[in-house]
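I opened my notebook for a look at the backbone and the surface. My entries follow.

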Amino acid sequence: DGNLVFAPSKVVKVDGVKIGFIGVNTPESQTKANPALIKGLKWLSGEDMVKAVQAEADKLADTVDVTVVLAHLGVDDSSVPNTSYDLFKGLNGVDFIIDGHSHTVMTKGPEGEPIQSTGTALNNIGVITIDNATKKIESNELIPIWHTEEVDGENVPVYDYTKSDATVAN
């Protein structure tokens, strides 16, 4: 009926930093999902998808410090022109893309694009660090859900992750 199923974006304020999140899903859903469950739904693709995400980024531009796209597009060649790479190349004013769909493990695109994907089966947790003072993304990383403890070689869950930031600790 032309109405959106979900709001295209949401703004969250964390410790004084306003983060705008924009959501986008692969148009491959039209052929990979049960037709009975998606009857009447339409996905934008290619340039139309990029234009819609850009319009939402433009709408948020004056109200947020950081803009992040939560994408379920993937980066597989078979998904061109609807990959996160394709999307990022067509956007201005988006700081980061958190991606899924292709189950790729990456902290940046092949040309250094700020795109991160954690893989599959909760093997990694993606972390993006935003500096509260500059209100800019400072770094990003993947933390394996399991890491090997050097003392006895046992697998230790990520909640025992001990990396800390000296400024935050003080």
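I began with a term: helices (H or I, at least four residues) and strands (E, at least two) are DSSP runs, numbered from the N terminus. I noted that this is a predicted model, where local features need pLDDT of at least 70, side-chain atom pairs count only at pLDDT 80 or more, and totals for chains, interfaces and linings use all residues. Residues are numbered from 1 along each chain as its sequence is written, and side-chain values use heavy atoms, with hydrogens and water left out.

**Entry: the loop between β4 and β5**

I looked up His103 and found it in the loop between β4 and β5. Its phi is positive, about 60 degrees, although His103 is not a glycine. Buried means under 20% relative accessible area, exposed over 50%, and partly exposed in between (1.4 Å probe, protein chains only).

His101 lies in the loop between β4 (96–99) and β5 (105–106). Phi of His101 is near 90 degrees, a positive value in a residue other than glycine.

**Entry: a cis bond**

Which residues does the cis peptide bond join? I found Val80 and Pro81, with omega at about 10 degrees. Pro81 sits in the loop between β3 (66–72) and α3 (84–89).

**Entry: Leu41**

I placed Leu41 in the loop between α1 (29–32) and α2 (46–60). Leu41 counts as partly exposed because its relative accessibility is 40%.
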